[in-house]
Amino acid sequence: MSNINHFEFKDHRVFETTYAGRPLVVETGKLAQLANGSCLVRYGETVVLVTATASAKPRDGIDFFPLSVDFEERLYAVGRIPGSFMRREGRPSEKAILASRQIDRPMRPLFPKDLRNDVSIVCTVLENDSDNSPEVTALLGASIAVSISDIPFDYVIGGANVGIVDGEVVINPTAEQRKRSEMDVTVCATADKIVMIEAGANEVPEDDMFNALMVAHEEIKKVVAFIADIKAQIGKPKFEYEHHDLNHEIFDKLEAECRGKLEYCLDTDDKTVRDARIKVVRDEFEAELGEEYVAEHGAEISECFDKLQKKIVRNWLVQGKRVDGRGMEEVRPLAAEVGVLPRAHGSGLFTRGQTQVLTICTLGTLGDAQELDTIFDEKTKRYIHHYNFPSFSVGETRPSRGPGRREIGHGALAERALLPVIPSEEEFPYALRLVSEVVSSNGSTSQGSVCGSTLALMDAGVPIKAPVAGISCGLITDDGQETTFTDIQGLEDFYGDMDFKVAGTKKGITAIQVDIKVDGLSPAVIKEAFRKCRVARLGILDEIMLKAIDRPRDDVSAWAPKMITMQIHPDKIREVIGKGGSVIQKIVAESGAQVDINDDGVITIAAVKASDGEAAKSMIEAIVKEPEVGEIYYGKVVRLMNFGAFVNLTANKDGMVHISKMADHRIEKVEDAVQVGDMVYVKVMEIDDKGRINLSMKDVKEEEKL
């Protein structure tokens, strides 16, 4: 009798629908059953396994909601073996980090405010068919996995990519449609409101963007209803958790004794002054409470101070008052400067209040483009934008640990904002790296990076299509009242309900990133945010940035490489490279230029001195040039035969002088006229159908000799 038993997946369920015209299939009850919730999502032939897991209780000392979202790329999803030495996936790619953030940002605000249990959402991409976005598939899976789990989460969200192709709004465009789309937008929403927007666009007007978002929301409502039905059928009851509550005894005492003092502390546009004032009030309050009480309730005291400041700032904003005295649509004082670093290829310093960003532009050859090893179609990146946020920018002493997800996200946002105006390789044959150094931060550094980067690009002589500026819009909600305001600073970001960042040119939007802390945004708020951001953006461009530099410089910096591009026939590439790279190495050594050769025969030559580049170009031209009948060459004799001598014309091209063509009189032996190593003038007399070149020494006239 066999001891083998067949496993039965008794809880296995399959749910199917159509989303944006393609099949969406969700399987549950089969994989990853030890997670609190799991599902396998198939969209077209893109497949993602999503799990949601929660800890049984909070960790000691946790005073925030510890949510982690990971988008796991597996290169087998696209039939490739990783290119690393270890031949396995390493740290997540930038696109994977951005995909994780696009799931985290809409979901985090919708969890209970007092939940402190660790929650982990893991999205593992098993297959990617390129047409159906694995990011959207993962987002839908995350919503399903959490919804059907016992993790406290009362909302159902959905998401979609949105494009505009040939003037029409397209939901979840295919790979071919994405290439032709005027924008690449990810929208997340509940059935009632939009909860997240991430966008890159080719100067799309605000009205067109708003219309596309509304069309997308209507389609998202359908998939939200689909997920809600799955939840209704198989969703688990939500578990009870330890509710965290404010210490009202401390809070009431603090508000009664210190509210007026804290209002005075907050009523300034200087973050340093504000922090110093608050420290004095806190020290006095803690002295009254006593050391023993503070030692026991220190975390609760900190929370009460934070809550009271939040209450004050929000009440002020509802009344139309801002901590720095600005009007609700007024932008902080601005300054712009270029050429800050004289030896850098380009630099721009942008200041908005106490937020200050220095961006440096470096130009390189096309060979400096970043190579990518991911599950996505993009294999190289010619334009790179990095963002650094050191601790000193906020007056802290935290050691640097390299870029985190926030830094990567902000760098990607600035990159998306400027990518639509970057000239093509044909127009400007450079790779570009921009680095935005945040040297002082009091809110909206990402949009300061956009402005500083535009300045740096123009200072570097990059012929951008149009200057780009960025600004953010905030929101306060109170008993149904929605109040928006322009250019949020740090406190307004911390205590407000929305950070609606929009970058663009005078013509239209190039990038959007929206983070919220409420259950979503109404169409009226989105439209108002677009309007306010556009007004502010145009003012920043006209009144500040274009007065610092009104157009890109005519030439690149003296310290930047000068580029020459030339096209050769692909069959000639081998001749230019030479055996073991010997020819190209010689060209580089003798000219001092850097030479990059593409498989299509496009050669890029880079040299700080223009003369070095021209020298390299001349060498390459001499190698690839095909001799023509009638041309005169001064070449070296490389081989002797009984009937004539072979003369080298170019690096890889020889011709033959018959003994009868060596002199205007009879020659008995070839050695009587020439020896190997002699330099002689020769004329091309014939090139036969096999490409053999026949030369003559006697037909070269004296005046033709150089």
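Residue numbers start from 1 along each chain as its sequence is written, and side-chain values use heavy atoms, with hydrogens and water left out. Because the model is predicted, local features need pLDDT of at least 70 and side-chain atom pairs count only at pLDDT 80 or more, while totals for chains, interfaces and linings use all residues.

**Domains**

The chain splits into domain 1 (11-232), domain 2 (246-317), domain 3 (332-546), domain 4 (560-622) and domain 5 (629-702). These bounds come from an automatic or database domain assignment. The C-alpha centres of domain 4 and domain 5 are 28 Å apart.

**Salt bridges**

The structure holds 51 salt bridges. The term means a side-chain nitrogen of Lys or Arg within 4 Å of a carboxyl oxygen of Asp or Glu.

| Pair | N to O distance |
|---|---|
| Glutamate 72 and arginine 74 | 3.4 Å |
| Arginine 108 and aspartate 104 | 2.8 Å |
| Glutamate 198 and arginine 105 | 2.7 Å |

How far apart in the chain are glutamate 198 and arginine 105? They are 93 residues apart, and the pair links distant parts of the chain. Glutamate 198 sits in strand E10 (residues 194-204), and arginine 105 in helix H1 (residues 94-107). Helices (H or I, at least four residues) and strands (E, at least two) are DSSP runs, numbered from the N terminus.

Burial is set by relative accessible area: buried is under 20%, exposed is over 50%, and partly exposed is in between (1.4 Å probe, protein chains only). Glutamate 198 and arginine 105 are both buried. Aspartate 104 is buried too, at 15% relative accessibility. Glutamate 72 is partly exposed, with a relative accessible area of 27%. Arginine 74 also counts as partly exposed, at 24%.

There is also a salt-bridge network. It links Arg322, Asp324, Arg326, Arg332, Arg352, Asp487 and Glu492.

**Positive phi**

Which non-glycine residue has a positive phi of about 55°? Alanine 20 does. Alanine 20 lies in the loop between strand E1 (13-19) and strand E2 (22-28). Its relative accessible area is 22%, so alanine 20 is partly exposed.

Serine 130 is not a glycine either, and its phi is positive, near 75°. Serine 130 occupies the loop between strand E6 (119-127) and helix H2 (134-148). With a relative accessible area of 21%, serine 130 is partly exposed.
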